Each structure stands twice: as structure tokens, then as C-alpha cells.
Amino acid sequence: MAKKIPFNVVFASDEDVNFPASELNNHGPTVHGWRSAPNGSLTSHDIILRFQQPAKIYRIQLLAHQYLIPEKVELWLHYSPKSLPSTPSSQYFDFLGFVALADNANTNYKSRELQSVTVCPRRGTHLKLRLIGVQGNDYNDTGQISLLAVNVLGEDLDVGPNNGNGEEHLSNEAPPLDTATGELALASICDDLLFSMYVEESIVQTIRELEQRKILAVNSERFEYARKLKLCMTALRTAGERLGRYALAKRQAVQQEDFTTARLRKEQIEMYRAAVLRQLQVHQLLEPQGVTLSSNDQSCEIYAGGKPSLPSAPSLQDVAQALAEATFSPKSMTSLSLEDKSSTDGSQPGNDNTVTTPAPAPAPTPAPTSLQATPTPTLGGWRKSHDELPQSPRLPSRHSSPMSSRQGSLRRRNKSVPRNSYEDYEERAIPTLRHSNTNEFLRECQGNALLEADPNRGRSRLNDRERRQAALPILVFGNELVEQFYSRQFQDREDGLMRLRNFLKEHDLLEPSSNEHAASPNKVARSAALLLHRAVRDAVYSVFSQATETVRMLFLEYVPGRVSPNEVARCVDRLLPELLAKSGDPSARLHTLAQHTILSIAACPEVAEQHLVAPALSRSVGSGTHQRLAMSRLQMLEQLVHTQGISTDKHSGLTCRALSECGCSGIHHPAEPVRKVAERILLLVYKVNPRLVRKQLPPDDDITRRNLLYRQLFTEFDKLDLDRKQELLEASKYGGGHSSGDAATPPADKASTSSDASRLMNSRSGHSLGPMASSSNGYASCNGKQQYNEQLKRSMLSVSNSRKGSASNSESTEDNTPKIRCLFCDWSCAGSDATQLDRHYWKACPFLTKCPQCSQVLEVAALNYHLTTECDAKESYVVCVRCTESVHKQLYELHQMEDYCRELKTGAARCPLCHDDVHLPQDGGWKLHLLSAGGCPGNIRKRNLKKSN
């Protein structure tokens, strides 16, 4: 397997004194690399590398500078056995090919190019690099070129008497390849230039030791131990890259003679390295002295869930505070590992006024190429810099030691003291002209003239903080458009919004395949949301109006079918709070425009599917909420109910419970307009679920109705209840085609009485009910109905015979007058006419009732069973799972919203007339319920019986 071939630079045609060629011997984040002499006259520069021992070469890696770039690099290889003396003048080099380098203008000279060239296996002892030409740019004013690092990958060559001379090509051999990736197989990941240039040196050495332990663990089949080692190496690489950036920042501080920051960086590196090694248990995984630890073969919490988490890096403020505490606490000095105490010069970080400048140091991605007899150069990949650093942070005074308080401050403490400079007084306005219209007009004309002469005069440049905030919009829309959003001139902000809308329109018309380098729709939407988040907070109405128009266009035209749901949710979360705040503005034009924009966002299909707007509007309204803000929220919520309807999804924010809770909180608001809107919301919910709304309110009694608010609300509820009952009656009368005309006919109607009486048939016993020949809706008697009537006749006949026998025996001694008695309600009449009893069963007995569908007379207790199992319209009825009543399918949902639809108590029955519970139905409960004075209030026959009596 290929490994890094160590070498030394033995010759360089020229070099810069500060950047010698010997820098190429080492790899690391703080390596300077080689540079040519400034303003040199050479057109080509040669660098000769001598390998520490003969090697077989597989790959050569070159890392170029970000702006000191040569046009091309030629590669030459020489082989000479150790027995023969070799000098640069006597060496003969074989030409391998050349590599062309890019000018790096597309990355604004902030990235480095890594060229990885794969060659046929060749023996060699010396490698010559010939750098030709200069890539001109604004940063390279001295005509220099540079090479940051060179890496040679191959295998050591055992020199023997039979190896032949160095000119023999190993044409029959092939470089070792990784079977999984097809790339060159490396003995260690640390041998790659991309790894060793950006990971701190001590971490690289630790990873090498862990790799050796992993090989031994696999050979001994300690797979859990090998898994831990692999995860540890992955985490150490991330930590090593951070430590490399810290080391680079320390080197920059030393170059600028900012020794206080350099000391803090040094302590920061030590503290973070110790924290990482301690958390990852590196010392335990290395198994010092070759002692096998059983804990390494067992799972632990750190490595249980995949890649282990790294500790948080200490900031410079934390390091300064730790150093200040260590100065006055000798016990804590040992835990800080302060190795260089002599660097402390008594100054504190809080007094350091030096500012470090960022140095670009990007990390490229390798782009291997194949180099044969005819050189075929290719460009390497690009990647952002690992060591781009912000300015050195200033430490606050609370982290400095008490010694800093002894030093004087250079700031002027009394800011109210007038300035004595003559120029300062000259710049002040004359008091008589300070508020003059003429003076204002002159200043305005002068400002307009300056802007016309230079349109970019009033537009300020972005500072570092703003540039970091708008990094993604700058990448997508360009620096000029973003500067317009951050400009102090409102005209520039308006122009920026119009340009953003034009960009979205043009991006909407372009097909994805037409521009491969265009940003994805997700990035465009995210960048637009970042800029619009700033625009909707603008205090100028014209800018806010343009911003809301752009927001509506973004969600209604650009987002649908193009942006992912997660990105849509992120955009709404960024813009919705600012628009809600604007909806509470006292100005009518502002809050009206904000409401319209929010409702437009809610109309977007992607937003409506994820329920992103309604939950924010349906939150409870507190009594301390501003009147305008509360009313705007409730008005938008009411509009959403009208447009989207009441939903059953609990995450939608438009459920009955969420709306009722919001409405109930709104009716207690001190502002009357807010209460009116809340009442309208409650009425909308009451039409769907009246039971839930009444639960949220106090009980409907006389005490509650003394309150004017509740009196008006309950009055509206009563009107809705009356309308709903009328609709139910009409639906039961005309809906489904199964309702009979007798169900809607009043019992006191004479025509109905005569028609009902004509339907009775003479029975053989004279005391039982006869089946109807046909019902009013044209349904004929079926076998089930006849069986039920026959059973009812036999039961009534047996009971009547037994009761008649006992009654005749008791009354034979008193009165021989024949009487007819009802078997259910104890009704009796003199005479022996059986038609009177049939007429009583048909019209007056409170124990019996007529089926509303087939007009069959049956017991009240058997009505629910009859409607679902025996009636002609049984397919139209279902049993309520809650109260066990038989309900028409078309009215089932409305039935479940009624107050009387409640759970049935254990051992009780449900009356189908009044919907009350009948206790002990088998032990006279039905008789007590139907015949007592305070019994069933829904039994019409009982009231008719009282009137007849």
C-alpha cells in the first residue's frame, strides 16, 4: 500500500528569504511554503527533492497558493542507486509531464488548488519540479509564484544487485488500488496531503497510533475495540482541523506582535486538546504498555450512538478568565498546563487593542489525474478555507484581572464637556437656519445632485458582520443587490425589492436544465426570506409595501411546486412573527397590508398543507394584549375559518377546541371590538359543535344571563339551536324517503285519528293489536313485522287472560259488569267492545308508540331494537356507540353533537322519547318512567291521557 515518501529539498533556483524552500519538507496548518524571489528575472524556477531512500512512485500531490500561482508545473524524475554519487549537475531526469493550474479568479483568490497526479509506477530517488510562468492578478504585484506543499506517495524500494538500473519502467506493475473506491490504496489516511495540511500535528501522530491499534484489534478479532478506534479517529480529525485553525491564528498573532493574543491562543489549544483527549478516552484506547483493557471490548455511552460528540471549544474570554483565576489561585494553576510562564508581561487581554486580519487558507479537494507519456493536466477541486479567521475578539473587562483596573483609561469620561476645536464649531448649523425651510431645501438639492452624479454615493458598504449575515444572499443574488437592501437610502431599498421580484420572475421562467450553475430553488427561497425579513421591518411605508408585495409573490408564484416543505416552513417561521407584529400597528394602512400578506401566505398550498399560519393565530388572546393586535389576529382567524373551514386535524389550529378556546379568551378582552370578533368565531364553532362551546362557557342559567355579554351570546345560541331543530325536523320528514307522514302529523288531528283507526284489524281475541295492511308511505307488511305482531298478541293475550281471570274472581262477588283493562297502563272501561281496547293501544296507551318509519305500534322499550333489526327502514338506521339509541344515518353526526348523547350508565336503559336514563328497566323502571307524574317529558300520549281524564 502507498505511503508518504519522506524527502528533503536539496536545490532551489531562487527563494524568498521569509519563505525558503525548506518549508516544503514539512506538512501542517502553519506551513508557509516556498516562494520565489520578489521581482525576479527568472521565467522558470526549479526545485529538486531528494527522497530519503529509493522509492517506487505512484502519486504526486501539489498544493498551490491562492493568488501566487504559476501557469504550469513540470514533473521530472531521476533514479540513481546509493552506490553511485549524485549531484544536481550530473543527474539526468526523465520528463513525466506537466500540470496546468487555474488562475483562481472564480473564487476571488480565496481558495487553494490541489492537484493529485497518478503516474505509472516508476523508480526514483530525486524529483524535480519546474514552475513556469506567472498567473497575473491584482494581489500579485511582485510577480512571485509559490508552492505551499508537495507530497509524494509510493513504496520503499529495496535496492539489491539484481534490481537493474533506474531507467527500467515497471510497465507490468500497477499501483495498489482500494477495492471499494477504486482510488490509490493508502497505508494511512494521514499520508494524504489534504489531511496532513489541515490537521494539527499532535493529532496526526495520535491518529497514526490509533490506526496501528485498529489493525492489531482486527487481527485479534476485537471488533468492538476496532469500532471505537474508528469512531475516535473520525472525531479526532474534526477536532484536529479546529486545532489547526487555532494554531494558524496563533502564528498570525505572533507575526503582528500581538503576544497577548498569541498566549491566549496557545492556552486555548492546550485546553481544547486536553478536553478532547479526555472526553474521547484516547489514553484508554491506546492501551499503554501493551496491556489489554477489558473495558475497550465493552460498549460505553460515548461510542454507543455512532460518532461521539466533541466538547465545546473554549473561547478567548473563557481562557482569559481561567488565566485570571489562576493568577490569584495557585491550586488551579496545575490544571491549566501553563508551560510558558515567561510570556506573561503583566498586560491583560482587556487592554489589548491590536486587531488581527483574516488570512485566507482554503482546503481543496483532490482531483487525481492520470499522467502517461503525453501529459494530460486536469484541475483540482475547490473547497472553502479551513483557516479563514475573523478578527481577534476583544476581551471584555469582566474577564481581565484586577491589575488592569490600575491602568488609566484613554477615553474621555465626561462626554458632556463641549469640544474646543475650531473645526467642530464650524461644522455646527447656525441656530437661525437650523429649522429653516430654505436651508432644508438647499441641503436636499445638494444631496440629490450628489446622488445623480454618483448613484452609489449614498449606499454604504457592508461591514464584516453584515457580510456574514448575508453570506448566502450574496452568493445567490450578488453583492450589489444585497447592498441595496442594507443601504440607508430608502430609494435603494425599494430598487432592491423590485430587482428581487424580477429575479424571482426570471428564475421562475428558466428551466432547471438551462443553467447548471444556478442556485437551487431552496437556496433562492432561503436567501429571499433573509432579505425580506429585514425589509418587512422597515419603518418607511413605501419600502414595507414593496416588501409585502414581494412576500406575496414569493409564496404564491415562486414557492408552489418548487421549494421543499422544510424550506417553506423555515421561510414562514422567519417572516410570520414580523408580519404579526406589523398587524398590530395603530396605522390602518400598515396593519391592513400586514393582514392581507399573512392571509396570502396562508393561501399557499405548501403552507396550508403544513398548517403553518393558523396555529400562530389561534393562540389565546390575553387581556393585556394590545387591542389592535388582538383584533387583527381574530379577524385573520375568522377569515381562515371562512376560507379553509373547521378542520379535524389537531395540528391545524382550526379545530373546534382551538377555536373555542381562542374565542372564549377573546370575549374577556377589555376592548369591545375584540369581543365582537370573538363572539363571531364562537358562533361559527357553535354551528359545528355546540356541546364543546357550551363547556367552555359558564352554565346557562339566570345568574349567568344577568351579564350582558353572556346574555347576547346565549341568545344567539338559542337562535342557532332553533334553526338546527327545524332543519332536523325537515330532514326527518323529507330526507331519505323512509319517513312516514304520520310522524309529522299532530296526534290531535281528527283526520289522522280517523285514518289511523281505519287501519286497525279485528283480532280473534279482541285484546291484541292487528298489523296494518299498508303504511302511509306505501310499505307493505313483511314477515318480520308479522312475527313481531304475533308474538306481541300472544303475550298480551296470556297476560290479559290471567289478569282477567283474577279480576273476575275478585269482582264476581261485587259486580258482574264486564270491563276492559289495558295490560300496560291499567286503563279500563266498562263494556265488552274489543275495538275500544284496540283504539286505546293505537292512540292513547303511554306504554306504546308508533314507529316513525313503518307506523307499527310497539312498546317504547322496544323502539330502538325495532328500528335497527325489524323495521322496513332498518338499513337507514345505526346504533349510536355512545348512548345506544337508534339514529338515522343522515343525522348521526348532528346527533353526536347534542347534549343528550352521552354515555349510558351501567344497568340502565335509554328512553327514545326523552333521551333520559331509565333505571332498573327489568324491575318496573319503564312503568315508573312512563306512567309517573314526573316521568317521561317526551311522551305525548301521557299528556293526551291526562287531558282525556
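Which residue forms a salt bridge with Glu241, and how many Å apart are the closest N and O atoms? I started my notebook with that one, keeping in mind that this is a predicted model.

**Entry 1: the Glu241 pair**

I found Arg237 as the partner of Glu241, with the closest N and O atoms 3.8 Å apart. Both sit in helix H3 (residues 223-255), and because they are 4 residues apart, about one helical turn separates them. Glu241 is buried, at 16% relative accessible area, while Arg237 is partly exposed, at 25%.

I searched the whole structure and got 27 salt bridges. Two in helix H24 (residues 708-734) went into my notes. Glu716 and Lys719 meet through their side chains at 4.0 Å, N to O. They are 3 residues apart in H24, so about one helical turn lies between them. I noted Glu716 as partly exposed, at 33%, and Lys719 as partly exposed too, at 46%.

Arg724 and Asp721 also form a salt bridge, at 2.6 Å, N to O. This pair is again 3 residues apart in helix H24, about one turn. Here I found Arg724 buried, at 13% relative accessibility, and Asp721 buried, at 16%.

**Entry 2: the nonpolar cores**

Next I turned to the nonpolar side chains. The largest nonpolar core has 84 residues, and Phe555, Val607 and Leu697 have the most contacts inside it. Helix H21 (residues 672-686) gives the most to this core, with 9 residues. I placed the core between domain 3 (469-507 + 519-610) and domain 4 (611-727), because both give residues to it.

Setting aside neighbours within four places in sequence, Leu697 is in contact with Cys664, Ile667, Tyr710, Leu713, Phe714 and Phe717. Apart from this core I noted another, of 30 residues, including Val9, Ile47, Leu49 and Leu96.

**Entry 3: strand S8**

Is strand S8 (residues 146-156) largely enclosed or open? I counted it as largely enclosed by the rest of the structure, because 9 of its 11 residues are buried.

Then I listed its pairings. Strand S4 (residues 44-64) runs antiparallel to S8 and is joined to it by 9 bridges; in S8, Leu153 is the bridge partner of Arg59. Strand S1 (residues 3-4) is antiparallel to S8, with 2 bridges, and Lys3 stands opposite Gly154. Strand S3 (residues 34-35) is antiparallel to S8 as well, with 2 bridges, and there I found Trp34 opposite Leu147.

Notes:
Residues are numbered from 1 along each chain as its sequence is written. This is a predicted model: local features need pLDDT of at least 70, side-chain atom pairs count only at pLDDT 80 or more; totals for chains, interfaces and linings use all residues. Side-chain values use heavy atoms; hydrogens and water are left out. A nonpolar core is a set of buried Ala, Val, Leu, Ile, Met, Phe, Trp, Tyr and Cys residues joined through side-chain atoms within 4.5 Å. Buried means under 20% relative accessible area, exposed over 50%, partly exposed in between (1.4 Å probe, protein chains only). Domain bounds come from an automatic or database domain assignment. Contact means heavy atoms within 4.5 Å. Two strands pair if DSSP finds at least two bridges between them.
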